[in-house]
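I opened this one up today to follow a strand through its surroundings. Here are my notes, in the order I looked things up.

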Amino acid sequence: MPVDPVLLLDALAQALTLFLVASGLAVTFGLVGVINLAHGELLLAGAYTALAVERAGLGYWAGLALAPLVVGLLGFLLDLLVIRRLRERPLDTLLATWAAALVVRQTVVALFGPASHTIQPPIPGSVVLLGAPYPVHRLLVMGLALLVAALLAWLLFATRLGLMIRGAIADRTLAAVSGLAVRRLEALAFAFGAGLAGLAGAATAPLLSVDPQMGLGFLLPAFLAVLVAPGGGPAGTAIGAALVGGGESLVAAFASPVLAQLAVLAGAVVLLRRVAGRRAGRER
Amino acid sequence: MITTRRRALAGALATTLFTTGSFVAPRTARAQGAPVKVGAVLPFSGGLELFGQQAKLGLDLAAAEINEAGGILGRPVELVYEDNKTDPKTSVEKATRLITRDEVVAICGPITSSARDAMAPTMARGRTPLLYATNYEGGACGRYIFCFNTVPNQELAKLVPYLARTKGNRFYCFGADYVWPQRMFQHARKLVDGLGGTIVGEELTPFGVKEFAPVIRRIEASGAQVLLFALPGADGITFIRQAEDLGLLRKLTVGFLGFSEAYLGAFGPGRGQEMYVAVPFVASAEATGPKDFVARIRARAGQDAVVSHYVMTHWLALTALARALRKVGRIDREAVVEGLEGLTVEAPTGPVTIGAKDHHVTLAMFLAKTRGDQLVTVEALGPQAPEAGCA
């Protein structure tokens with residue numbers, strides 16, 4: 001059976017969307033090393049920022065621009081109030097960020113109500129691609145994902161800030177004694193990662209139901225993508241997102257969505273065991 | 001008769017409100033004595049807040065109306081709400097507390113089947129009736145459980161033939177991977193087979209999926225004319241949005257099982273149109289009963305309050321409880337069971353009869369569809385008896 005090229009486009013779309021969603025996590029988890037279970041709620045905050053800005057009559061684009069700033073600030077506060085205080089206790093960070101997630105979610109319920117909202121895509125309608133109508137906003141999200149990938153690569157590998165961040169990751173102690181303000185760098189990176197989550201939330205909002213639970217569905221695939229990624233940088237995350245997002249899309253296309261989630265989860269477990277095995281081997 | 005009395009009451013209430021500017025209950029019919037406590041275990045946090053709030057609207061109105069009419073055998077009814085956080089384990093804890101600490105005569109709720117199934121043994125052990133008023137898959141039977149909303153046959157019996165007749169008899173079933181959609185599709189298959197139609201595909205999805213493009217392509221490729229859709233909540237909204245974006249909704253008609261007014265407004269202006277459902281209550285209906293009911297809810301909860309069938313069925317559950325106790329002439333848990341069995345209650349949509357054996361309701365159903373920003377009646381289907389699935 002010849003593969004319908006539209007299915008490949010769908011898989012590409014899902015992989016790129018997942019990359020956008022996971023890029024913030026790649027920074028906070030992959031680089032800073034914080035297991036942030038509130039990542040989905042940072043996306044949620046981004047989507048609701050876009051909703052609030054749209055309701056204020058400023059339109060979608062203003063919301064898309066504001067969401068990373070608002071959520072970046074939220075991330076900064078989360079780091080300052082919670083995560084920084086638990087730096088040496090990673091398991092407690094898990095609990096604390098989960099609690100933060102609950103707080104964000106119920107705050108959204110209190111402010112906006114429990115019901116679903118819609119954000120209309122700024123450019124409605126679709127273009128015909130490969131013989132099927134393709135919504136313009138999907139293409140926009142895909143383009144934005146590529147843009148974020150380029151921005152991340154540039155920041156990390158072509159700027160002095162990126163060099164310092166990479167230095168702090170490679171060896172925290174050595175970086176500190178070399179005079180780098182490691183704490184400040186980590187706080188900055190965390191806020192930046194949160195801002196990326198906010199951007200992803202606002203960008204994907206017109207494709208989804210915007211409701212207080214929307215962050216949850218993103219958390220697992222995003223973590224999987226970052227976990228299976230070879231290395232924490234943007235290239236690794238892109239490969240992780242392609243494996244998880246693209247894989248899920250293709251299995252769903254040829255089998256079923258239930259099988260797709262199972263397959264991706266099973267694949268991730270196998271991959272992780274191999275990675276963990278390799279690491280253990282190296283350390284020995 | 002009942003309608004006019006309620007109307008007079010509502011009128012008196014409105015007058016009081018407008019003339020004095022504050023709420024004063026009519027003094028003539030004040031209930032005396034220790035309150036009759038009725039528990040309510042509902043989700044007010046944790047995901048299904050929307051349904052918890054809908055249920056509360058109905059229960060609050062029923063309690064107010066019962067008390068304005070003199071209470072139950074002279075005693076006022078008092079609702080004790082507990083938040084189950086959309087969680088089965090919490091539901092059991094709250095039910096236990098209501099039964100032992102508050103000594104309620106019955107408990108209304110919950111919303112999900114998992115919470116209901118978890119609570120059932122506790123209710124039976126505590127010999128306390130559970131008044132469940134959410135549409136579900138059927139099969140919840142026992143002396144201490146009463147169901148005031150629909151089971152699959154009531155929702156599907158007229159909907160499937162209508163869609164087959166007017167839209168085509170090639171069906172595709174797509175829903176969430178749990179018991180309610182599975183039972184819905186089992187029943188739909190029987191109906192479609194009987195009509196000489198075909199089910200060209202049946203497929204289930206886990207919750208939390210954000211990207212439905214692969215499924216949408218497959219449904220499109222199947223050549224289905226009708227999509228029977230049973231994916232409740234936010235995921236369902238996401239699917240419909242993407243199906244519309246990808247052009248699927250132009251090629252087939254959606255029978256959105258479990259749809260209600262609670263979904264309206266989630267698709268955006270002019271979108272999510274012409275989706276069909278069979279429901280026990282349509283808020284936009286022109287008939288006096290529903291119109292009056294919606295007005296009574298909105299007089300208390302505000303003019304933009306959403307009124308779905310969940311409001312009506314929860315109102316019905318508490319109203320029936322009051323009638324049952326008045327009929328038996330005694331206030332205790334067994335009296336609730338005795339009184340409810342075989343009882344007929346006048347609902348806004350007409351008489352509702354509670355089965356003496358199966359404890360499920362025979363009630364009027366309406367074929368409805370989305371149009372503009374409303375759910376509108378297509379056809380009144382008349383009373384539909386439940387196939388409760390009690391062995």
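Predicted model: local features only at pLDDT ≥ 70, side-chain atom pairs only at ≥ 80, totals over all residues.

**Strand β8 of chain B and its neighbours**

I started with a pairing: β8(B) and strand β9 (residues 253–256) of chain B run parallel and are joined by four bridges.

Next I checked for another partner. Strand β6 (residues 170–176) of chain B is also parallel to β8(B), with five bridges between them. Here G175(B) sits opposite A230(B) of β8(B).

Is β8(B) buried or exposed? I went through residues 226–230 and found five of the five buried, so the strand is largely enclosed by the rest of the structure. I also looked at which way the side chains go. V226(B), L228(B) and A230(B) point one way, while L227(B) and F229(B) point the other way, and all of them are buried.

**Zooming out to chain B**

I counted 12 helices and 14 strands in chain B. Of its 391 residues, 53% are buried. For the overall size, the C-alpha atoms fill a box of roughly 65 × 50 × 35 Å along the principal axes. A compact globule of 391 residues would have a radius of gyration near 21 Å, and chain B has 21 Å, so the two agree.

Key. Residues numbered from 1 in each chain as written. Chains lettered and ligands numbered in written order. Buried ≥ 20, exposed ≤ 12 C-beta atoms within 10 Å, placed from the backbone. Helix = DSSP H or I, 4+ residues; strand = E, 2+ residues; numbered from the N terminus. Pairing = 2+ DSSP bridges. Rg over C-alpha atoms; globule rule 2.2 N^0.38 Å.
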